[in-house]
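Thanks for coming, everyone. I'll keep this brief. Please have the sequence and the model open while I talk.

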Amino acid sequence: MKDIIIIGSGIVGSSIARELSRYSVSVTVLEKGNDVSVGTTKANSGIVHGGFDAKSGSNKAKFNIAGNAMFDKLSEELQFPFIRNGSLVLCFDENQAEALESLYEKGIGNGVEGLEIISGEKVRELEPNISEKVHSALFAKTGGIVSPYEMNIAYAENAYNNGVEFQFLKEVIEIEKNEEIFSVKCSDGSVLQSKIVINCAGVFSDEINNLVCEEKLHIIPRKGDYILLDKVHGDLCTHTLFQLPTKMGKGVLVTPTTHGNILLGPTAVDVDSKISLSTKRNELDSIYESAQNTVPSISKRMIITAFSGIRAHSIGDDFVVGESKVKAFYNLAGIESPGLTSAPALAVHIANEISTKYELNKNEKFVATREAIPHFAVMDNAKRLECIAKNPLYGNIVCRCEMITEGEIVDSIKRPLGAKDLDGIKRRTRAGMGRCQAGFCTSRVMEILSRELEISMLEVTKSGVNSEMLLGRTK
Amino acid sequence: MEFKNLVIIGGGPAGLAAAKSAYDSGERDILILERESELGGILNQCIHNGFGLHTFKEELTGPEYAQRYIDEINDRKIEYKLNTTVIDVSRDKIVTYVSSNDGLVEINAKAIIFACGCRERPRGAINIAGMRGAGVYSAGTAQKLVNIDGYMPGKEVVILGSGDIGLIMARRMTFEGAKVKAVIELMPFSAGLNRNIVQCLNDFDIPLHFSHTIVEVVGKDRVESVLVAKVDEKLNPIMETAFSIPCDTILLSVGLLPENELAKNASVELSNITGGAIVDDSMMTNVDGVFQCGNVLHVHDLVDFVSAESEVAGQCAVNYINGKARSAEKIEILTTNGVRYCVPEIILKDNEFKPLALKVRVANVFKKVKLQVLLDDNILISKNRAVVAPGEMENIALTSEQVQKLKTANKIEIKLVSEVL
Ligand SMILES: Cc1cc2nc3c(=O)[nH]c(=O)nc-3n(C[C@H](O)[C@H](O)[C@H](O)COP(=O)(O)OP(=O)(O)OC[C@H]3O[C@@H](n4cnc5c(N)ncnc54)[C@H](O)[C@@H]3O)c2cc1C
Ligand SMILES: Cc1cc2nc3c(=O)[nH]c(=O)nc-3n(C[C@H](O)[C@H](O)[C@H](O)COP(=O)(O)OP(=O)(O)OC[C@H]3O[C@@H](n4cnc5c(N)ncnc54)[C@H](O)[C@@H]3O)c2cc1C
C-alpha cells in the first residue's frame, strides 16, 4: 500500500509529486496516458501570468501571484526554459482607457508588482512591429513565458529521481473508501491502495471527484486553437501582447515562445468532447485576423503548424483546491488558466497542508535540482566539440530545422521517465518541431526509437496506443 | 581552422556534377560534405525509371543515375565526407560542419557551392485544420519508408497535392497493395509532370480532383478520414461541397522549398519566387565566391537539367578560384506576360564562354502560345508550345552564338505570346 496516490501527471500532478518528494512518504502517480504532459499542459499559451487579470480574492489570484514569483529559482533548479519577457495589454481605443485603468487597479489590488500604464508611443518603442492603432497599454514587467511541457517533464523527472513512482496507461475508473483506505481501480483491472488520494486529472477532475464525493463538480471543456509561426519571424515581438477585451470579444494574444517562435491564439469555444483536439478552419482564420490587429505584418505564409488545447472550466469559475468533504481526498479541479503559473504555488500549498496534517518527516535524500538534456543547438562551438568528443552521437544531426542530434534523442529515451514515442521525443528535444514539422526526421527518429527501445519499427507510435506509424511491410 | 579551395555542400546530383566539372576544369582541392550515409541525394529513394533521358539518352532509375556520377567522383578520387552536416556558413566563407568522426570543424574556403537540395512543404504551411493523429506523412518520407526501409505507412491513402513525388507514390503504394483513394489538388492544374499523371494515376484509375482541398483531418490516434471540399476562384473552400473520404493515411505533396537557411546566414540574397539564390550566368550569388545549383537554387523536375546546371557552377567556381576577372557589368533578365521566373536572373556582360540554358517556369496553364526570348525587343528565340504548365520547367539551351548575342544586349526579356495574335 502507498501513502499517497496522485491521479494525473500534468503540471499539477507532477509538481505536487515533486513537492511531496521532499518528505518521506511513498507516492505513486497514476496516469492514463503513456507519458507525462499529455493533457492540457502540452497545449496552452505558456504564459507565466502577471496576475492582474484574476478576480480579486480568488484562488486564481492568490496562487497566480505566489506561483509567478517562484519561476526564476525553479527554472534554474529544474532547468526548464523560462523567460521573464514582460506582458503588455494593448488598448486600441481612447474610450477604452478607463477599462485599462481598472485592470491596472485590479492588478495593484491583487498585489502585482511593477505594473505601469504606458503610452502608444512607448509601446511602439518597445515593440516596433505593433499596430499604429495602439493607444496605450498596461505593462506588466513580471509577466513571463515558459515551455509548459518541458516544465512538466522537469518536475516529473525530479519527482521520480526523488523516489516518486509513476505508472502509465493507468486510467482510474473507480475509487472506493473503506476504513481510511482508498482502493483505486484502473481500467486494466489493477487496484492500488493508499491513505490519501489527490485528484489532478485536469479536464477529467470532475469525473474523478464524482467517483468519491457527494458534492458533485462539473467541468466544461473549452477548446482553444493556436497557430505557430516559423522562427525566422521570431523577431515580430519580444513581449507577450494581449488585447484589452472589448464588446467585440477577448482577442487573441501574440507572444514569443521560449524557443523563439511566435504563438497566436487561443480561441475559446465550449465543446462536447474532452479529448477531441481538433482545430477548426474558421477558428484558425479568426485567430489570424485578430492577431493582425496587434501585429499587422503577420501573414499566413509564416505559419508552420496549428494545434489546440482544452481548458478545464469549472462552473464556479475558480480553482477547487484542497481536501474535500471526504477525508484525505484532495481536489485540484477546474485548474484552467492561470493554472500553469499557479502550479508551483499550488504544489507547495498542498504538500505543506499534507505534511503538517500527517506530520511527515523530511526526505533527507531530496535533491532539488534536475539536469536537462544538453541542447546542441544552443551551445557555442567549443562546447559542441567537447560534447561530441564525449558522445559521438552528438555529431549526428537528425532534425535539421532545430539542429537536434542523435545524442539528444537517445538521451531523451534513456533518461528517467524517458520518451516512448515520437511526440515524447518531440516534447523533450524539439526534434520535429521546426519548420518542416518532422517531414525529414520522422523516419530517422523512428529508427532510433526502435533501436533504443528494442521494439520493431511496426510498434513505433506517434503518441502511444493506437497511433502506430506504420501499418505493415511492403510486398 | 582548415583551408580548402572548393567546398561543396551536398552530395546529391547537383553536388556530384559540380565536383566532377570542377575537377575537369583543373581543380584538385575539392571537398564534398554530405549529411546522409551515402552520396546520391534524393535520387537514392527514387527507384522508378525516368532519369537520364537527356544526359545519357537512356532511361535509368534514380540510384542508377546517381551511381554514374558517384563512379565519376571515385575515378577522380575527389574527397567527400558522409554523415557530415554543415551547420553554418559565414559571409567570409567559413564553413562549419559536424560529424561523429571529426567532431566540429571549421574550413576556410575560397569558393563554396551550395548544392543542398530542397525540402517538402509541411502540413502547417498549408493550414489544414483537424486532429493530429498518426498517418500524415510528407510524400518524400513515405517514399523513403517504402522504397528504402520496406514499410507501408498506410493502406488506404489520400494524397494532397499533385506534385511529382505524390504522383509517383500513388503508383508505388498501389503496386504495394494499398488503395489510393484520391489525389486532391488545390489548383485547377497539376504541379507535376503530365507524364506522371498519365503513368501514375490514369493507368490505375486513381481519381484526381482539381480545385479541391482537404479542409479537415479526422482521427484522434490515427487518421480515419478526411473532409474534402471544392474551392472557389480565390482558393477558399466552399464548405457546402464538402464530402468525406475514409482513409488511414494522408500523403502531402504540396510543393518543395529550397533549403536555404544556411545561405541566408551567409547573407546570400534569395528570390521570393524561387526560394533559391539570385544568381548570374556563372551560378554565382551576390556573395563573391558563393555559388548555387540544383534544387537549392530552384526546384527542378528533371535531374538531367540539375546536372547540366551544376557543371556550369563547378567550372565557374574554378574560374573564380583561379582569379579570372569578371565583368562588373550585368543585365537583369525581365520575365513578363505569364512567365514566372528565369534562372539565372542575371547575365554578366563578360566574354568568358560557358554553356548557358535559361530555365523558365510559367505562372499558369496556357494553351497555344509562343515562348519568346527578346533581345532589345527583337526576337532571339521563339518556341511554339501547344501547352505550357507550371509543373513543367522549360529549358531553353542557347548556342554559343546566341550566348554572345545575349551578352551584348541592353535588354533581355522572356515572355509568352498568344499564337492567335
Ligand atoms: C487554451 C489554453 C490556454 C492556457 N494558457 C495558459 C497560460 O498561458 N498560462 C497559464 O498559467 N495557464 C494556462 N492555461 C492553463 C493550464 O494549461 C492548465 O491550468 C494546466 O495545464 C492544467 O494542468 P493539469 O495538470 O491540471 O491538467 P492536465 O495537464 O490536463 O493533466 C491531467 C492529467 O490527468 C490525466 N488523467 C485524466 N483522467 C485520468 C484518469 N481517469 N486516470 C488517470 N489519469 C487521468 C490526463 O491524461 C492528464 O495527463 C491554459 C489552458 C488552455 C486550455
Ligand atoms: C520523388 C521525386 C521524383 C523525381 N522524379 C524524377 C524523374 O523521374 N526524372 C528526373 O529526371 N528527375 C526526377 N526528379 C528530380 C531530381 O531527382 C531532383 O531534382 C534532383 O535530385 C535534385 O538534385 P540536388 O542535388 O539539387 O538535390 P538532392 O538530391 O536533394 O541532394 C542534396 C543533398 O545535399 C545534402 N545536404 C543538404 N543540406 C546539407 C548540409 N547542411 N550539410 C551536408 N549535406 C547537406 C542532402 O543530404 C542531399 O544528399 C525527382 C525528384 C523527386 C524528389
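**Salt bridges and the ligand shell**

Let's start with Arg427(A), which forms a salt bridge with Asp35(A); their closest N and O atoms are 3.8 Å apart. Arg427(A) sits in helix H11, residues 422–429, while Asp35(A) is in the loop between strands S2 (27–30) and S3 (47–48), so this pair ties together parts of chain A that are 392 residues apart in sequence. Arg427(A) and Asp35(A) are both buried. Keep in mind that this is a predicted model.

Next, Lys60(A). It forms a salt bridge with Asp317(A), with 3.7 Å between the closest N and O atoms. Lys60(A) belongs to helix H2, residues 59–78, and Asp317(A) to the loop between strand S18 (303–314) and strand S19 (320–323), so parts of chain A that are 257 residues apart in sequence are tied together. Buried or exposed? For Lys60(A), the relative accessible area is 11%. The cut-off for buried is under 20%, so Lys60(A) counts as buried. Asp317(A) has 43% relative accessibility and counts as partly exposed.

Lys60(A) also meets Glu336(A) in a salt bridge, 3.1 Å from N to O. That pair links distant parts of the chain, 276 residues apart: Glu336(A) is in the loop between strand S20 (329–333) and helix H8 (339–357), and Lys60(A) is in helix H2. Both Glu336(A) and Lys60(A) are buried.

Now the wider count. Over all chains, the structure holds 59 salt bridges. Some of them join up. One network links Asp230(A), Arg400(A) and Arg435(A) with Arg35(B), Arg119(B), Glu259(B) and Glu261(B).

On to the ligand. How many residues surround ligand 1? There are 38, and the closest are Glu31(A), Thr41(A), Ile47(A), Ile335(A) and Thr341(A). By type, the shell divides into 17 nonpolar, 15 polar and 6 charged residues. Helix H1 (11–20), S18 and H8 of chain A each supply at least two residues of that shell.

Which backbone atoms come in? A backbone N or O atom of Ile335(A) is 2.6 Å from an oxygen atom of ligand 1. For Glu336(A), a backbone N or O atom lies 3.5 Å from a ligand 1 oxygen. A polar backbone atom of Gly339(A) is 3.5 Å from a nitrogen atom of ligand 1. Taken alone, ligand 1 exposes 1,000 Å², and the protein buries 97% of that.

Last point: where does ligand 1 lie? Domain 1 (2–41 + 149–218 + 316–357) and domain 2 (83–145 + 220–311) of chain A both give residues to its shell, so ligand 1 lies between them.

Terms used
Residues numbered from 1 in each chain as written. Chains lettered and ligands numbered in written order. Predicted model: local features only at pLDDT ≥ 70, side-chain atom pairs only at ≥ 80, totals over all residues. Heavy atoms only, no water. Salt bridge = Lys/Arg side-chain N within 4 Å of Asp/Glu carboxyl O. Helix = DSSP H or I, 4+ residues; strand = E, 2+ residues; numbered from the N terminus. Buried < 20%, exposed > 50% of the residue type's maximum accessible area, 1.4 Å probe, protein only. Near = heavy atom within 4 Å. Polar contact = N/O pair within 3.5 Å; in protein donor to acceptor, adjacent residues only side chain to side chain. Areas by Shrake-Rupley, 256 points an atom, 1.4 Å probe, with all protein chains shown as cover. Nonpolar A, V, L, I, M, F, W, Y, C, P; charged D, E, K, R; others polar. Domains from an automatic or database assignment.
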